[in-house]
Amino acid sequence: MPRIFTLTACWLVFAATVAFGSAPLVHPNDRIIFAGDSITGQGGNGGDRGWVGLIGSGLKSAMPDANPTLVALGGSGQTVGSWLNIERKSREAAQFLDVKKFDVQAELAQPADVLVIMLGMNDVLSPRQVDSPEGYAKFVEQYRELIGKLRERVHPRVLAIATPTPCTEDPEGPKNVVMDKMVAVLSKLAEEENCVLLPTRAAAWEVLHAGRKLNPEFHITADQVHPNSAGHLAIAAGMLRGLGFEEQAAGFIADATVKTKSPNGLSHEVSILDNGELLSAPHFRIRVYHATGAAQLDLPKGWKLTNYSRIKDGSEFVVQTTGELELVSHLDARVGDAVENIEIPAPWLVGTGNVGWLGWRSGVYDPATGRLPADEIVRTGQGLGGSLKGMELKPGAPVQWRTYVASVNFGGGANPNALDFAGIAYFTGGEVGYGLRWVRSDTERTVNVEVTRMGFAGSTHMELWANGETVYLGDVAKAKEQELTLTLKRGWNRISFKSNFQQWQWQFRIDLKPIEGDALDDLRYSTIPH
């Protein structure tokens, strides 16, 4: 479920860099080059609906006689560092990225009036970016070098840095926290290098926040990274706004949400509250958005309302659960005759830590050489005790635990069996992840199990246990090749796993599926040890 939104600080950074109402920085017949990653590639390959094409439409709307040349040099997987390699290689030979009609060598051999660089997504997604002062200093050093190399090639009148768009749709998510730090250092870099800072990131948050107040399923991305139609409008708006075309930018912002309004006039957002008491009944914050009137909330039996307040455009509730939940719990919010159904997925107890590349060799994970003392605690449940705060992978390498609830902001959406570690930690290569969930069954039964890798890229290993017995061991991507089952005993059952991360996205589903004739509708779920 989504967390509560606040507009990020990058909007304020932008406002201090470029004044609204300033003269447009683009002339009618400018040649504009966009250098970036797959997001730029999709913008250039998207025709009139891609953000590059939308920028062209916006410029022609502002300047009817305009005939700009728009060149999209976007490459899948490109980071700031890898773009330096592209630039270097393009001095000697042709280089083709995602938009195949453009050769980087030929395009950089011609002058450009405006050069826009938008990078940083893959530095965080892969991840390459180290979350430390030294890591950001290296990022800036490489970005500054790229600016210098491209400036030398095309001699632009205007050189602009576009802030990276969100990675996941939670502004408080670990990857977005790192990206906000990126924006801060890019703001300083733009000032030092006499560049314009374009608020593409802030525009994306603005559109997402406005859309979620109208529809709880509104998105600006297709996969938590690449833009959907609303995301393309947001990127175009942010760039046009930074280049001095406020009227056209405002129009695109409005267009992004024009078709999204909920038919009942209500929308909502839900976030789980981390109060430091992991092994207790979880609390949720629920915001119900509506134009007028205070909302009422119908709670399941045993749930408690612990706080209520009015907020702008709605009401906010804090509720405590019983700790024993359905796979999806249903609540109703009411304003007058309008009713909004709210679904809360059952949570997982998830922990992460890092001991380097223990167990990995040549891209393959060996569970025997990667064995850790914490594995047995998670497998058997013995030693969990009343607190998880002291658990370590090894001395000096703690496991950081939190209660995780599937969310529309992350991979897998609100599927209660989905886990996206981008919503849990800013993980790096070699990360170890643990998960625990207790399942109560009224009868002993055998169920089918499906382990599915989600996302568009990633390599992870998994050990899945049921009551300490191994259900699956191997590459997550290969789990669907096997028919997996487990036995649920009558009463409480412990489902637990260990996952080892290599690169890119880290997300998967663990689904319990009924055998024919069984509905599994009596199952209850908990993050409290039983």
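Arg31 is buried, with a relative accessible area of 10%. Buried here means under 20% relative accessible area, exposed over 50%, and partly exposed in between, with a 1.4 Å probe and protein chains only. Arg31 forms a salt bridge with Glu107, the closest N and O atoms being 2.4 Å apart. A salt bridge is a side-chain nitrogen of Lys or Arg within 4 Å of a carboxyl oxygen of Asp or Glu. Arg31 lies in strand β1 and Glu107 in helix α5 (residues 104–108), so the pair links distant parts of the chain, 76 residues apart. Helices (H or I, at least four residues) and strands (E, at least two) are DSSP runs, numbered from the N terminus. Glu107 also counts as buried, at 12% relative accessibility.

This is a predicted model: local features need pLDDT of at least 70, side-chain atom pairs count only at pLDDT 80 or more, and totals for chains, interfaces and linings use all residues. Residues are numbered from 1 along each chain as its sequence is written, and side-chain values use heavy atoms, with hydrogens and water left out.

Now the overall form. The protein has twelve helices and 27 strands. Its C-alpha trace spans about 75 × 60 × 40 Å along the principal axes. Of the 530 residues, 58% count as buried. The accessible surface comes to about 21,300 Å², and 48% of it belongs to carbon and sulfur atoms. Areas come from the Shrake-Rupley method with a 1.4 Å probe; for residues, only the protein chains shown count as cover. Among contacts with a separation of 6 or more, 75% come from residues 24 or more positions apart. Contact means heavy atoms within 4.5 Å.

Next, strand β25, residues 491–504. Eleven of its 14 residues are buried, so the strand is mostly covered. It pairs with β20 (residues 431–441), antiparallel, through ten bridges. Two strands pair if DSSP finds at least two bridges between them. Gly435 stands opposite Phe497 in β25. Strand β22 (residues 458–466) also pairs with β25 in the antiparallel sense, over nine bridges. There, Glu463 stands opposite Lys498 in β25.

Back to the charged pairs. A search of the whole structure finds 27 salt bridges. One of them joins the side chains of Asp30 and Arg157, at 2.6 Å from N to O. This pair links distant parts of the chain, 127 residues apart. Asp30 is in the loop between α1 (10–17) and β1 (31–37), and Arg157 is in the loop between α7 (133–154) and β4 (158–162). Asp30 is buried, with a relative accessible area of 4%. Arg157 counts as partly exposed, at 40% relative accessibility.

Glu193 forms a salt bridge with Arg151, the closest N and O atoms being 3.5 Å apart. This pair too links distant parts of the chain: Glu193 is in the loop between α8 (174–192) and β5 (196–198), Arg151 is in helix α7, and 42 residues separate them. Glu193 is buried, with a relative accessible area of 17%. Arg151 is partly exposed, with 27%. Salt bridges that share partners also join Glu87, Arg91, Glu152 and Arg153 into one network.
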